[in-house]
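Here is a short briefing for a first look at this structure. It covers pockets, cavities and a sheet.

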Amino acid sequence: MPETVPSVSDAKLYTDLLPRDRDSSEDTGFIITARTADHDIYLYACAYVIRAGGKGIWLIRDGRINGTIFFAIPRAMVGQGLKDNAFVRTGWHFNQYLKPEDHEVVSEADRAVWRLGGRNYAWREGAWEVTGSHGDVQTDLTFRPCAPAEWRWGPFDKLKEADTAGYKVAALVSGTISVGGETFVLQDGYATAERAVVGQSRDIVAELVGGHQVLAFEIRGPGLEIQVHRHTGRKMEAGNVVLNGERTDFGPWVAGSSVEIETLEYWDDPHSGLHTPCRWRIALTSADGSAEIEVGSSGRSYFHYNTDGGVMLMMQILGTANGVFRSKEGATTPIADALVGLRWGRALLFADETLSGSVV
């Protein structure tokens, strides 16, 4: 893809390029999974633009969401399974939605900034900044990409034709997070940056009709990035391993490869009442390499999407991964206590259901 990541031009509102008589949304977001001397921490800071105009995926005609999730797990508790950890989560409830006039897009000499709900999301050539305070979580953070961007939604110059555009990219983050009277100092912590735009062709709740689920792992360690995704509603199961810059892919487009995800354990969440998967075995195989990984969970929070079709919950989980990667030459690389940020999502309810069991 020709676009530089990040670029000051990423601050433009791309939903302005999509038809007003169709639903659309866009986001800029950051997930941090980082380790300090005393804690493993998780931060999700994300700003959304949502627009309803077509079949009614979104219930707000022109809204903004500024979302924050934060929790910190003491190192002594890591590896002991999920507990009912405290967390900050705010921004997704209807009465917390913001209006277009609350969203200021500012162009400065060498950067562009989204100012929204007390938080500032800034783009420079080659770096992002997330500063300000939201949900009593104060951030002063700088992110720099540490790998090529994955243009999962396609290039921005093809947005009108494809109805989607945008990227995810592995990054390193430095700075401070202050919350609850404590300041967490990060130096080259692991992070993921996302800038995505989607039109009416994507309906996140409708994709989960029939008990379908979303499961996505992002595993990070020194010189290591592993992504594994399962979306049963879209019949997608794929993964990749990037080790010291060398990438190995697994999935339906890689002949002879396979992706296996087995849930080994569940946890009954007293906060939400959900029977939550919390430990997994992952097996990735191809002619170019293989990986065997076990992922355990240490902490969780969640957010929800409200759409015309119903309500989707996405659980955000922090964990660790252990296992091994084998190259096609037979060399083995251990995966030891690598940090994992993972998401598990499913629809909680649908707007209309019938005695026949069908969803209208």
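**Pockets, cavities and a sheet**

The second largest pocket has a volume of about 220 Å³. The model is predicted. The largest pocket holds about 1,100 Å³ of space.

**Second largest pocket**

- This pocket has 19 lining residues. Nearest its centre lie Pro148, Glu225, Gln227, Val242 and Arg247.
- By class, the lining of the second largest pocket has eight nonpolar, four polar and seven charged residues.

**Largest pocket**

- The space in the largest pocket is about 1,100 Å³. Its lining counts 48 residues, and the closest to the centre are Arg152, Trp153, Glu194, Arg202 and Arg234.
- Strand E1 (residues 24–35) gives the most to this lining, with seven residues.
- The lining of the largest pocket divides into 24 nonpolar, ten polar and 14 charged residues.

**Cavities**

- Two cavities of 30 Å³ or more are found in the structure.
- The largest cavity has a volume of about 50 Å³. Its lining is made of Ile31, Thr33, Tyr190, Ala191, Thr192, Glu218, Arg220 and Gly341.
- Strands E1, E12 (182–198) and E13 each supply at least two residues of that lining. E12 gives the largest share, three residues.
- Three nonpolar, three polar and two charged residues make up the lining of the largest cavity.
- The second largest cavity holds about 30 Å³ of space. It is lined by Leu18, Pro19, Arg22, Asp23, Ser24, Asp163, Gly199 and Gln200.
- The lining of the second largest cavity has two nonpolar, three polar and three charged residues.

**The nine-stranded sheet**

- Nine strands form an open sheet with antiparallel pairing. The order is E16-E15-E14-E13-E21-E20-E19-E18-E17.
- Strands E16 (246–250) and E17 (258–268) stand at the edges. Each has a single partner strand, so one side of each is left without a neighbour in the sheet.
- On average, neighbouring strands of this sheet are turned by 15° against each other, direction ignored.
- E15 and E16 run antiparallel and are joined by five bridges. Gly239 stands opposite Phe250 in E16.
- Strands of a sheet pair through backbone hydrogen bonds, either parallel or antiparallel.

Technical notes
Residues are numbered from 1 along each chain as its sequence is written. This is a predicted model: local features need pLDDT of at least 70, side-chain atom pairs count only at pLDDT 80 or more; totals for chains, interfaces and linings use all residues. Side-chain values use heavy atoms; hydrogens and water are left out. On a 1 Å grid over the protein atoms alone, a cavity is a set of points where a 1.4 Å probe fits but cannot get out, and a pocket is an open set with protein on both sides within 12 Å along at least five of seven lines; lining residues have an atom within 4 Å of a point. Grid points are joined across faces, edges and corners, and a volume is the space filled by probe spheres set on the points. Helices (H or I, at least four residues) and strands (E, at least two) are DSSP runs, numbered from the N terminus. Ala, Val, Leu, Ile, Met, Phe, Trp, Tyr, Cys and Pro count as nonpolar, Asp, Glu, Lys and Arg as charged, and the others, Gly among them, as polar. Two strands pair if DSSP finds at least two bridges between them. Axes are lines fitted to C-alpha atoms, for helices over the stretch in contact, and angles run from 0 to 180 degrees between N-to-C directions.
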